[in-house]
Amino acid sequence: YVQPSTTQFTSQMEWRADHVTFRAWNGWSNVPAAGDIIYQWTYTGGYIPPPGQERVHINLWLLNGGAPVSGMGDEMVISSFTFQP
C-alpha cells in the first residue's frame, strides 16, 4: 500500500497461529476508529512461523529492493515498539 502523507500514524501487526494481520491508521492510538484505517491486510497462507520464530524488520529506504528514484532519503521516527508474546 502507499502510505499517505501524514505526520502521525500507527502500524500494527497481529501474529496468531492461523493468521497475521497488518493494519495502519491515522493518528497515534491503541485502537483505531473505523474511519481512520488507512490499510488492513490479513495473511492466512500456508506458512506462518510458529511462536518463538517471529522477526520484525523495518526498512524505509528500499521498495522491492530498489532505492528511491530521486536518490533522496527520508525520515521515520519510531516513538515506540511493543512486542507482546
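The chain has three strands and zero helices. This is a predicted model, and its elements follow the order β-β-β from the N terminus. Of the 85 residues in the chain, 11% are buried. A search of the whole structure turns up one aromatic pair.

**Fold and dimensions**
- Read from the N terminus, the chain runs β-β-β, with zero helices among its elements.
- Along the principal axes, the C-alpha atoms of the chain fill a box of roughly 40 × 30 × 20 Å.

**Contacts and surface**
- Buried residues account for 11% of the chain, which has 85 residues.

**The aromatic pair**
- The one aromatic pair found in the structure is formed by Trp-41 and Tyr-43, whose ring centres lie 6.0 Å apart.
- The ring planes of Trp-41 and Tyr-43 stand at 40°; planes under 30 degrees apart would count as stacked and planes over 60 as edge-to-face, so this pair is classed as tilted.
- Trp-41 has a relative accessible area of 46%, which makes this residue partly exposed.
- Tyr-43 is partly exposed too, at a relative accessible area of 28%.
- Both values fall between the limits for buried, under 20%, and exposed, over 50%, so Trp-41 and Tyr-43 are each described as partly exposed.

Definitions and conventions. Residues numbered from 1 in each chain as written. Predicted model: local features only at pLDDT ≥ 70, side-chain atom pairs only at ≥ 80, totals over all residues. Heavy atoms only, no water. Helix = DSSP H or I, 4+ residues; strand = E, 2+ residues; numbered from the N terminus. Buried < 20%, exposed > 50% of the residue type's maximum accessible area, 1.4 Å probe, protein only. Phe/Tyr/Trp six-rings, centres within 6.5 Å; stacked < 30°, edge-to-face > 60°.
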